[in-house]
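Please keep the sequence and the coordinates in view while reading.

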Amino acid sequence: MNTLTQTEAQLFTERFLLLLETVAPKLKTAREVAIQFNLRHKGKPVSDTAVHYWMTGQFMPSEPYLLTLAAWFNVSVHWLRTGYESPDDLPQFSPTQSMLFNRISTLSEEEQQAMIQLIDLIIRAKASHQ
């Protein structure tokens, strides 16, 4: 799995866990979530392992599962995927910002954290000079 996809899965997981906490706080294990999910899903049942992967940021569900999750939690599939309500809400990036994002997305998680720290240092230094 590439870094970008892994990051997307991790961000999905944050939203998924927030929804579970809000809508179904008694569901704690992947097995419990899978059982409740499969009661709502009309297609191929989801395994406990797949739900575990969703809950730990290893994978994002495929479209049929996202549709069921969206209906269960009363949110849009787009929000589950991206964290934005609609495609119009997505931030617009300049060519330089896109290039920076593309380069950073090739780094490991540890290297990305180091970049965040470096950017924070630059922002703090800039603020102290104003």
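In α2, the buried residues are Ala30, Val33, Ala34 and Phe37. Here, buried means under 20% relative accessible area, exposed over 50% and partly exposed in between, with a 1.4 Å probe and protein chains only. Helices are DSSP runs (H or I, at least four residues), numbered from the N terminus. Viewed down the axis of α2, its buried residues fall within an arc of 100°, so they line one face of the helix; the arc is that of the directions from the helix axis to the C-beta atoms. The face of α2 turned away from its buried side carries the exposed residues Arg31 and Leu39.

The model is predicted: local features need pLDDT of at least 70, side-chain atom pairs count only at pLDDT 80 or more, and totals for chains, interfaces and linings use all residues. Residues are numbered from 1 along each chain as its sequence is written, and side-chain values use heavy atoms, with hydrogens and water left out.

Glu32 also lies in helix α2. With a relative accessible area of 33%, Glu32 is partly exposed. Leaving aside residues up to four places away in sequence, Glu32 touches Lys26 and Leu27, where contact means heavy atoms within 4.5 Å. Glu32 and Val51 are 19 residues apart in sequence and, C-alpha to C-alpha, 9.5 Å apart in space.

Two packed helices are described by the angle between their axes and the distance between the axes. For α2 and α4 the angle is about 95° and the axes are 10 Å apart. Axes are lines fitted to C-alpha atoms, for helices over the stretch in contact, and angles run from 0 to 180 degrees between N-to-C directions. The helices α2 and α4 are therefore roughly perpendicular to each other, a term for angles of 65 to 115 degrees. From α2, Val33, Gln36, Phe37 and Arg40 make the contact, and from α4, Tyr65, Thr68, Leu69 and Trp72.

The largest nonpolar core has 23 residues, and those with the most contacts inside it are Phe16, Leu20, Trp54, Leu69 and Trp72. Such a core is a set of buried Ala, Val, Leu, Ile, Met, Phe, Trp, Tyr and Cys residues joined through side-chain atoms within 4.5 Å. Two or more residues of this core come from each of α1 (3-23), α2 (30-40), α3 (48-55), α4 (63-73) and α5 (77-82). The most is given by α4, with six residues. Not counting residues up to four places away in sequence, Leu20 touches Pro25, Leu27, Val33, Met55, Trp72 and Phe73.

Methods: Parallel < 35°, antiparallel > 145°, perpendicular 65-115°, else oblique.
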